[in-house]
Amino acid sequence: MKFTKRNLWLLIGLALLILAPIGQGRYIVYTLTSWLVFSIAAMGLNLTLGYAGQISLAQSAFMAVGAYITALLTLNGIHWIVAMPIAVLSSFVLGLLIGFPALRVKGHFLAFVTLAFTTLVFLVLRNEDWLTGGPYGLSGMPRPDFGLFNTGKNINFYYFTVFIFVIFSLLMYQIVRSPWGRAFKGLRENEIRAESLGVNTRRITLLAFAIGSAAGGLAGSLMTPLVQFIEPGSFALLHSLRILLMVIVGGAGFFFGPVVGAGVVIMLPEVLRFTEGYYLMIYAVTVVVLIIFCPKGLVGLGEIISRKILKRKEVRKDFEQGAKL
Amino acid sequence: MFKQIAGASALMLAMASPVHAVDIAIVAELSGGGAPAGTQYRDGIMLAIEEINASGGILGEKIKVTQHDTQTDPQISKGLVTKAIDDGAYVIMGTVYSSSTIVNMFEAMNAGVPQIVGAEAPNITQKGNPYVFRTAYGAHRGVPSLTGYFRDNLKAKKVAVTWVNNEFGKGGHDVFVAEMKKAGINVIADIPSEAGAADFAADVSRLKSAGADAVFVYLHEEESARFLKEAKKQGLKTPLVGEVTLTGQKVIDLAGDAANGAVAHVGLTAQANVKSIQDFGKKFSAKYGHQTDHNGIKGYIGMWAVKYVTEMNGAFDQKKFADKMHGLCLDVNKHPNMLLTTCWDKDGELARESFMVEVQNGKQVVTTTVAAAK
Amino acid sequence: MEQLIQVILSGLATGSIYALAAIGFTLIWQAAQTVNFAQGEFVMLPAFFVLIGINFLGMPLWLAMLFGLALSVLILGVAFKRILVDPLLSHGGLSLIIATMAVAILMKELVKEFYSAEAQPYPALVPQGAWDLSGVIISLQDISHLIICFVVIVGLTLFLDKTKVGRCMQAAAQNAAVAEILGVNVKRMILYTFVVNAVLATLASFLITPVYLAKFSSGEYLGLIAFIAAIVGGFNQVRGALAGGLLIGVLDNITATYITAEYRQAIPLLLLIAVILFKPEGILGKPEGRAV
């Protein structure tokens, strides 16, 4: 690996991840793990939204699919390491199936269709109690035991999640840098132009959507052993909106934007908890202010600041890249 | 010499208890759909804490209380219970909603922290958790008290049930259906609805055409009010029978005279013509400016139970607390702030006398008292 | 048979309220290209203004209603447009969507924290009576909802088509740049659109709250249905919102009575998906071309 400034930052980030939970109570470790799990989901959505420009409100439904499949399999004795790929694959296939008809429509329409899909998934999970436990949900899922390493304790599970997160990020990075990734960006910047240049927009959009869904499935698959109890309410529309918020607040289209966004969305309520009844209000106002003043999200804000401090080459306006929402 | 021994013992006692002496954590639904129930529960607890601290606290220590808002989200409630345990809570007060309690109680159980809950779904005391204790009995205790009423008073041969499709509603529904089967009464219509549903036109219409002798209504308070209004509007004449969520003061306020005639079996009602409960209601209104309800009573007696049991043990020992509660009866004459004589069994299930209530002229009128189930 | 008529009538009555909420939604969409995720809360809030007027300021009902209307126009119309829409319009639709979501949360929390977390009784505008027509119960409330809704829709359509201001509003919505060249004060037209939406939402609030009860969370479901109604019916036509609202009201009731109660909420959603996939401009809408 080249010893570039960026790789240095990455190593520092990794070190922080490893050191973060040391000496903290179980609740903080649990929250940190939750943050990483949602980062994975948000990064998936970022691929669909930030890189390929498609608004999806279905991410929590794919998390639900991943979570429930993993739960049903692990509750029946199948090890997580086998259950997880099945869950991720199922999410990917489901993403293809849903995307195929849904992506014929654009923009706000796609948002509505995915919104309806999410609520439908919630209803099925809630009503079909012979399979899903209905409103009671499923409980008692075991944390994976890898022989030498048992993830039962919160802190062990945290390191396990870090490991998965790092592998996932590397995979994501490869995708974004590959020809597919460039096609996604072309799609986002100007779809018709991309098509005229020979990009098979239908197929590429479908691919972005399906990969994003698979990421959602992976996040769900991690969530099951983390919380050890899942019920339909955790995957309702509200949670899709939360994940969307994470992507926007962090900065859509930036690689680590969703990680920052997930951090804010998950940690901010914790930080504000001391304000008791008022914290949701403060949270809402903060979000609005953030959106008004840094529409490119926090990472975008960071870039603007760093551009002011470190002079870089001026980019011609119509060459400027970035998610147009 | 004696002073030295006393001082050393006190020091050892202080070091032996693994938690801060009297940290009480309230983990309740202070926002979201469960806010009305959770805030009442919290208010009852705070009133109790005020009284307890004014009279010297528990074993001479004043109570330090922290409030945590679960937002009526089960996952958040689980996290907050974990947090409360991390912060060294002696006892956790809450949650009220069954859907949250069934999730978070395992955290408390694994850490050996007693938890005083307001939830009523049957499965909470059926999971082998030795640290959970109810403040209102589960549906599997309450609903069967109605079987006699359906069979003997109403002489019903066919009944309908309308219920809210969540943990709470399903619990009551399943128990009711089983009870009716045992009593040989046919359930001819089964009508679920959503929590927060506003439009009961279809539900009432189905009930009208079903032609049942009586209807068992197991919805949350606001939905009960909307249901009653719709029933009145469509002229549903069938007797409506339910539990505390059908005839509470809140329902009467919201439904107006549409509530008249509704009958319910209630474990706790602020309208019971029992002096201790009436006095509590007055104290509560004086402090908070609004009326209490069964959730406020749950919080109040739950907190006082913590004081009584801890003082019986003479120490802040969580395991001893749980052991003492199993099979304990707190006689209201010796422990007046329990408001009614209350007993717990080895699963944390509660037994206490209860009431049949009918709404007449906009008021809850207690028609009979039901003895505590064995 | 009576049951079917009863169910259809109840559905139409509920649907007319959905329609009122949906129309405003449609107007805002056209004028500002925005999905207003706070529309449900816009219907929830005016009722609370009225309750504040009655309970805290001691006003009689009619004065409290005027007070509620005035506050709604100011806050949900003018303030909303100036503080939220103007800065965010240039940043694109998604930012505004998120902002309206945040505003929805803010409104809910303000009511919950500063007024009450519990449902409140609300005085009915229409007396409680009902007629019994051979087994079918028609309540005065249902009839009045339907009539008021029709009157409003006819009035609004006439306003938009026949008056100068109305036609300017339509022009600004269809093509703001050209309208401006032709001398239309586009900014003011957009403001008027938001004011009209506030008035419509207030009206819906006054009608529906006696039935649904005033509670901070009553906007959630209503908002969702309002926009499904707008899209299903066709959101470039006011008539579309009416058709969508009534259709959903009736379908919802029929489903719940005859088919399934548990999947009742699925029907509007499936309808939404079907309409978007097969006729995206809605049932009564006119197909829109897309700029390249």
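Select chain B and chain C together: between them they bury about 2,400 Å², 50% of it on carbon and sulfur atoms. Buried area here is the accessible area, taken with a 1.4 Å probe, that two parts lose on being put together, summed over both. This is a predicted model, in which local features need pLDDT of at least 70 and side-chain atom pairs count only at pLDDT 80 or more, while totals for chains, interfaces and linings use all residues. Residues are numbered from 1 along each chain as its sequence is written, chains are lettered from A and ligands numbered from 1 in the order in which they are written, and side-chain values use heavy atoms, with hydrogens and water left out.

**Stop 1: chain B against chain C**

Show the contact residues (heavy atoms within 4.5 Å): 28 of chain B are in contact with 29 of chain C. Four salt bridges are counted between chain B and chain C, a salt bridge being a side-chain nitrogen of Lys or Arg within 4 Å of a carboxyl oxygen of Asp or Glu. Eight residue pairs between the two chains are in polar contact, both residues being at pLDDT 80 or more. A polar contact is a pair of N or O atoms within 3.5 Å; within protein, one must be able to donate a hydrogen and the other to accept it, and residues adjacent in sequence count only if both atoms are side-chain atoms.

On the chain B side, colour helix 2 (35–54), helix 8 (201–210), helix 9 (221–234) and helix 11 (249–255), the elements that give two or more residues to the side touching chain C. Helices (H or I, at least four residues) and strands (E, at least two) are DSSP runs, numbered from the N terminus. Helix 8 of chain B gives the most, with seven residues. By class, this side of chain B divides into nine nonpolar, eight polar and 11 charged residues. Ala, Val, Leu, Ile, Met, Phe, Trp, Tyr, Cys and Pro count as nonpolar, Asp, Glu, Lys and Arg as charged, and the others, Gly among them, as polar.

**Stop 2: helix 8 of chain B**

Which residues of helix 8 of chain B are buried? They are B:Ala201, B:Ala202, B:Asp203, B:Val204, B:Ser205 and B:Leu207. Buried means under 20% relative accessible area, exposed over 50% and partly exposed in between (1.4 Å probe, protein chains only). These buried residues pack against strand 6 (158–164), strand 7 (186–193), strand 8 (214–218) and helix 9 of chain B, together with helix 1 (2–32) and helix 10 (238–259) of chain C. Now pick out the side chain of B:Asp203, which meets that of C:Arg264 in a salt bridge (3.4 Å, N to O). After the helix comes B:Gly211, whose phi is positive, near 70°.

**Stop 3: salt bridges within a chain**

Over all chains the structure holds 30 salt bridges. Select B:Glu107 and B:Lys78, whose side chains meet at 3.2 Å, N to O. B:Glu107 lies in helix 4 (residues 98–111) of chain B and B:Lys78 in helix 3 (residues 74–86), so the pair ties together parts that are 29 residues apart in sequence. Both B:Glu107 and B:Lys78 are buried.

Next, take B:Lys182 and B:Glu179, a salt bridge at 3.3 Å, N to O. They are three residues apart in helix 7 (residues 167–183) of chain B, about one helical turn. B:Lys182 is exposed, at 69% relative accessible area, whereas B:Glu179 is buried, at 13%.

**Stop 4: a hairpin in chain B**

Strand 14 (residues 354–360) and strand 15 (residues 363–370) of chain B run antiparallel and are joined by seven bridges; two strands pair if DSSP finds at least two bridges between them. B:Val359 stands opposite B:Gln364 in strand 15. The hairpin has two residues between the strands, and B:Asn361 takes a positive phi near 50°.

**Stop 5: chain C against chain A**

Finally, select chain C and chain A, which bury about 3,600 Å² between them, 82% of it on carbon and sulfur atoms. Zero salt bridges are found across this interface.
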